[in-house]
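Here are some notes for a colleague opening this entry for the first time. They go point by point and can be read beside the structure.

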Amino acid sequence: MGNNFLGEHRIKRKVVSILLGMCMFFMFIFGGCYMLFMHTIGKLNYVPDPGQIVINGNYVEEKNYDPITIMDNNGKIEEIQPASPEKVAEIKQNIWNNIHNGAEKRSSEEVTNILLIGVDKRDESFPGNSDSMILVSANRAKKTVTMTSFLRDLYVGIDGMDTYKLNAAHAIGGAPLLVKVIEDNFKIDIDYYVSVDFQGFEAVINILGGVPMEITEEEQIKANEYIRGMNVAAGLEVNTEILNSYGSLVLTGKQALGYARIRSLAGADFQRSNRQRRVLGAVLESARSASFLDITSIANQVAQYVVYNIPRENFMELLMEIPDFFSYQWTSERIPYDGFYEHYNIGGQGMLVPKWQETINQLQTRLYD
């Protein structure tokens, strides 16, 4: 009887020891993963929101006094005559009326808005124009994620300054000013931003092993023009990584960047924003199936290129929600909305002028209701 009791006791002790050992092993593994991830987060370029936005006093507005033309979705080109001084004054007054006396800015605890900024920055002399601006909006109540492109030629006001193309806001005051300008003009609350330059964009795509994309023959030709230009600027052989075919392809980082920058085909910047959202969608689809360690590895490799203002605790909270966000219904659109804008030649530049009330009503409804 006593021997049986002692035998059972020894067996239980062994089982408990094995279970404790397994628990310690998994705690070590998961703890190590957590520490690795936190180490990676620490390496990223977190930039806290400034108390005061720093303005680039050396900014010179881009001028183009060539005839302004637009290309419709059928490839038809039409020249836009300069707007009269009276019309320009009216447009500017409408912008300031909207900023100071327009709709109330909306926000919700159920909605997180993150602005993804692709920066055309060639050197350290200034922050660079924002070549791509995509608002990713996750609505937990509706279980939706909306990707909204803001086109670079939108005509907006920078409070306390003047009216400009939207992409100039980043060149004047970096990501903080761009966020404020979108909030002021379009009456939505932006929680965070994530900014990446062309080098970072290429790096992310290459680390993911490329992105699958369906491209046309016209897009192949135009993408190659951008790729050759990037190669010349980098001192590489001019035809490095050009696209040798079209159709269903897996694009490298450089090829994806060339593709995303196309704006001289039918649809112009409207279709370019669609291409940018398609590339982003393909990147997110790749991330959907990536493991925690894969995501950590990717973050570790691209850390030097990414700038963001998401505090660590909020970063971790959002990270935990990613699986839920991937299960939501995803939609993609752009501003200006069809029928809610006019195209003008103002000061020698093609400007997209929104119909403010209609645009804001639709955007707020899409994101919040």
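**Notes on the model**

1. Strand 13 (329-335) and strand 14 (341-346) are separated by a loop, and P336 lies in it. The peptide bond between I335 and P336 is cis, with omega about 15°.

2. The model is predicted. Its pLDDT averages 82 over the chain, and 79% of the residues score at least 70. Residues 23-36 should be read with this in mind: pLDDT stays under 50 there, and the model has seven contacts for them beyond four places in sequence.

3. Helix 5 covers residues 217-234, which makes 18 residues.

4. Which residues of helix 5 are buried? They are E219, Q220, A223, N224, I227, M230 and N231. Seen down the axis of helix 5, these buried residues fall within an arc of 130°, so they line one face of the helix.

5. The face of helix 5 turned away from the buried side carries exposed residues, namely E218, V232 and A233. After the helix comes G235, which has a positive phi, near 75°.

6. Beyond helix 5, on the way to strand 11 (247-251), the loop contains E241. E241 is not a glycine, yet its phi is positive, about 65°.

7. K187 is another residue to check. K187 sits in the loop between helix 3 (168-186) and strand 9 (192-197). Its phi is positive, about 60°, although K187 is not a glycine. The relative accessible area of K187 is 7%, under the 20% cut-off, so this residue is buried.

8. S130 belongs to strand 5, which runs over residues 129-139. With a relative accessibility of 0%, S130 counts as buried. What does S130 touch, leaving out residues up to four places away in sequence? Its contacts are I117, G118, R152, L166, N167, H170 and L178.

Note on methods. Residues are numbered from 1 along each chain as its sequence is written. This is a predicted model: local features need pLDDT of at least 70, side-chain atom pairs count only at pLDDT 80 or more; totals for chains, interfaces and linings use all residues. Side-chain values use heavy atoms; hydrogens and water are left out. Helices (H or I, at least four residues) and strands (E, at least two) are DSSP runs, numbered from the N terminus. The expected span of a helix is 1.5 Å times one less than its number of residues. Buried means under 20% relative accessible area, exposed over 50%, partly exposed in between (1.4 Å probe, protein chains only). The arc is that of the directions from the helix axis to the C-beta atoms. pLDDT is the predictor's confidence in each residue, from 0 to 100. Contact means heavy atoms within 4.5 Å.
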